[in-house]
Amino acid sequence: QCFWMRHMHFSLDIIWTDAQRRVVFLKTSLSPDTYPQSYCSSKPTAYVLEVPAGTVQKTGIHLGQVLTF
């Protein structure tokens with residue numbers, strides 16, 4: 001599950017989780033001007049959350065954490 005910032009107008013944090021919703025990979029503050037670069041998890045994933053940039057830092061989300069959603 002790879003993502004890029006094509007047609008985005010604001011920065012994002014992207015959170016990849018496994019089937020148990022454990023965070024396995026993070027990319028933070030991805031700017032629209034990074035397109036056409038792609039961002040892919042280095043581990044198998046089941047879910048991906050795209051949230052406003054700064055959310056990961058603000059909420060303290062970290063690798064290994066289990067998320068509820």
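This is a predicted model: local features need pLDDT of at least 70, side-chain atom pairs count only at pLDDT 80 or more; totals for chains, interfaces and linings use all residues.

Q: How many aromatic pairs does a search of the whole structure find?
A: Pairing is judged by ring centres, which must lie within 6.5 Å. Here the search finds three aromatic pairs.

Q: Is the pair of F3 and W16 stacked or edge-to-face?
A: Look at the angle between planes: over 60 degrees counts as edge-to-face. The planes of F3 and W16 stand at 65 degrees, so this pair is edge-to-face. Their ring centres are 6.1 Å apart.

Q: Which parts does that pair tie together?
A: F3 belongs to strand β1 (residues 2-3), and W16 to strand β2 (residues 12-17). The pair therefore ties together parts 13 residues apart in sequence.

Q: Is W16 buried or exposed?
A: Under 20% relative accessible area means buried. W16 has 0% relative accessibility, so W16 is buried.

Q: Which residues form one aromatic cluster?
A: The cluster is made of F3, W16 and F25.

Q: What is the geometry of the aromatic pair Y47 and F69?
A: Read the distance, then the angle. The centres of Y47 and F69 are 5.4 Å apart, and the planes are at 85 degrees. That pair is edge-to-face.

Q: Where do Y47 and F69 lie?
A: Y47 is in strand β5 (residues 47-52), and F69 is in the segment after α1 (55-59). The pair thus ties together parts 22 residues apart in sequence. Y47 is partly exposed at 32% relative accessibility. F69 is partly exposed too, with a relative accessible area of 41%.

Q: Which residue lies over the face of Y47?
A: For a charge over a ring, check the distance to the ring centre: within 6 Å is needed. R21 lies over the face of Y47, 5.3 Å from the ring centre. R21 also lies over the face of F69, at 4.7 Å from that ring centre.

Q: Now the loop. Where is the place of T34?
A: T34 sits in the loop between β3 (23-30) and β4 (39-40). T34 has 21% relative accessibility, so T34 counts as partly exposed.

Q: What does T34 touch, not counting residues up to four places away in sequence?
A: With those sequence neighbours left out, T34 touches M5 and Y39. For polar contacts, look at atom pairs. A polar side-chain atom of T34 lies 2.7 Å from the backbone oxygen of S31.

Methods. Residues are numbered from 1 along each chain as its sequence is written. Side-chain values use heavy atoms; hydrogens and water are left out. Helices (H or I, at least four residues) and strands (E, at least two) are DSSP runs, numbered from the N terminus. Buried means under 20% relative accessible area, exposed over 50%, partly exposed in between (1.4 Å probe, protein chains only). Contact means heavy atoms within 4.5 Å. A polar contact is a pair of N or O atoms within 3.5 Å; within protein, one must be able to donate a hydrogen and the other to accept it, and residues adjacent in sequence count only if both atoms are side-chain atoms. Rings of Phe, Tyr and Trp (its six-membered ring) pair if their centres lie within 6.5 Å; planes under 30 degrees apart count as stacked, over 60 as edge-to-face and the rest as tilted. A charge sits over a ring if NZ of Lys or CZ of Arg is within 6 Å of the ring centre and within 35 degrees of the ring normal.
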